[in-house]
Amino acid sequence: MSFAKVFGGALALGAAAQAAYTIQDTYDTTNFFDSFDFFNEPDPTHGFVNYLSAADANAQSLAGYTNGGIYLGVDATTTNPTNGRSSVRVTSKKAYTEGLIIADIAHQPAAVCGSWPAFWTVGPNWPYNGEIDIIEGVNMGTNSTYTLHTNPGCTFSQGDCSSSSGCPTLSNDAQTLADGFNAIGGGIFAMEWTSSAISIYFFPRTGSIPQDITAGTPDPSTWGSPQTTFSGSGCDIPSHFKDNQIVFDTTFCGDWAGQVWPYDPVCSTKAATCQDYVAGNPTAFKDSYWLINSVKVYSNAANGTAISRRRFNA
């Protein structure tokens with residue numbers, strides 16, 4: 001399938017490496033839609049959303065290329081959609097165990113009541129092979145929440161990762177999510193996953209992006225403190241995390257945005273329920289789109305080279 005260009009709506013857009021990270025995969029405008037599958041089944045998080053197939057997303061201009069990046073949008077024109085607001089959820093065909101994922105993102109879905117965008121990784125047979133939430137927030141949220149989800153037996157200082165809400169950490173940086181992120185032209189998120197720790201970093205476009213990232217020789221040991229690190233004796237990471245695929249999606253309401261709706265001082269005044277608002281206000285979601293410049297996956301032989309598998313159609 002050849003993905004169409006999407007016009008309008010999207011925004012225009014030092015140190016020597018020592019960690020032995022080498023590039024494994026690059027996803028950008030040359031191969032993204034050949035490398036990711038479209039999920040078009042009912043939302044596992046019970047959102048008011050209609051995830052589109054590749055063909056439908058392309059035909060409705062909700063997935064394509066624009067301004068040098070990958071565009072993943074939502075329907076911002078239909079009032080009272082029967083099966084939920086149309087959106088896109090894509091999952092990498094390859095899965096990874098350990099390594100370094102670096103995502104250069106120009107735009108995240110804007111802060112809108114009812115919205116629940118996320119950039120994350122997840123293993124098969126959830127939650128037994130882990131989930132790592134790198135960018136996530138709901139409604140009018142201003143800061144990304146970093147969360148791990150696992151089966152029982154994995155606890156960090158952030159909490160018990162097998163609980164219903166996982167083990168979350170709220171970023172203290174309002175440039176990590178939605179409007180604050182978009183106002184600076186985006187930035188770079190990096191997730192380093194080793195046998196002893198999972199760390200998440202953020203570098204704003206207007207700040208100092210490490211030269212080694214730009215050069216393609218990333219060395220997290222030179223980057224300073226991450227946004228958060230999950231480590232410690234309470235969780236054997238290799239036993240709880242493996243074969244994770246990369247996911248981008250935007251859903252609505254559901255188990256998080258919908259559940260907190262009655263307690264949200266802004267959103268709860270707009271409609272009686274989250275679904276009522278999302279259904280009746282399509283134009284509110286005109287800026288609910290991802291614009292991704294690239295996602296790069298690096299492996300590190302020192303940590304046991306990242307394992308990958310490619311699914312095929314039998």
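**Entry 1: a pair of neighbours**

I began with K286, which forms a salt bridge with D287; the closest N and O atoms are 3.1 Å apart. I kept in mind that this is a predicted model. Are these two residues buried or exposed? K286 is exposed, at a relative accessible area of 54%. D287 is partly exposed, with 28%.

**Entry 2: how many in total?**

Next I wanted to know how many salt bridges a search of the whole structure finds. The search gives 4. I looked up two others among them, below.

**Entry 3: D75 and R85**

The side chains of D75 and R85 meet in a salt bridge, with 3.5 Å from N to O. Where do the two residues sit? D75 lies in the loop between β5 (69–72) and β6 (85–87), while R85 is in strand β6. They are 10 residues apart, and the pair links distant parts of the chain. Then I checked their accessibility. D75 has a relative accessible area of 9%, and R85 has 0%. Buried means under 20%, so D75 counts as buried, and so does R85.

**Entry 4: R205 and D104**

Here the side chains of R205 and D104 meet in a salt bridge, at 2.9 Å from N to O. How many residues lie between the two positions in numbering, and which elements hold them? They are 101 residues apart, with R205 in the loop between β16 (197–204) and α4 (211–215), and D104 in strand β8 (residues 99–107). This pair, too, links distant parts of the chain. R205 counts as partly exposed at 28% relative accessibility, whereas D104 is buried at 17%.

**Entry 5: looking for empty space**

Rolling a probe the size of a water molecule over the atoms shows where empty space is left. I noted that the largest cavity holds about 50 Å³ of space. Which residues line it? Its lining includes P109, A110, A111 and V112, along with S115 and P117. G137, V138, N139 and G141 are there as well, and L177 and A178 complete the list. Sorted by class, the lining has 8 nonpolar and 4 polar residues, and no charged ones.

**Entry 6: the whole protein**

Last, I stepped back to the overall picture. The secondary structure comes to 7 helices and 20 strands. What share of the 314 residues counts as buried? I found 56%. The protein exposes about 12,800 Å², and carbon and sulfur atoms supply 50% of that area.

Methods
Residues numbered from 1 in each chain as written. Predicted model: local features only at pLDDT ≥ 70, side-chain atom pairs only at ≥ 80, totals over all residues. Heavy atoms only, no water. Helix = DSSP H or I, 4+ residues; strand = E, 2+ residues; numbered from the N terminus. Buried < 20%, exposed > 50% of the residue type's maximum accessible area, 1.4 Å probe, protein only. 1 Å grid on protein atoms, 1.4 Å probe; cavity = no way out; pocket = protein on both sides within 12 Å on 5 of 7 lines; lining within 4 Å. Points joined across faces, edges and corners; volume = space filled by probe spheres on them. Nonpolar A, V, L, I, M, F, W, Y, C, P; charged D, E, K, R; others polar. Areas by Shrake-Rupley, 256 points an atom, 1.4 Å probe, with all protein chains shown as cover.
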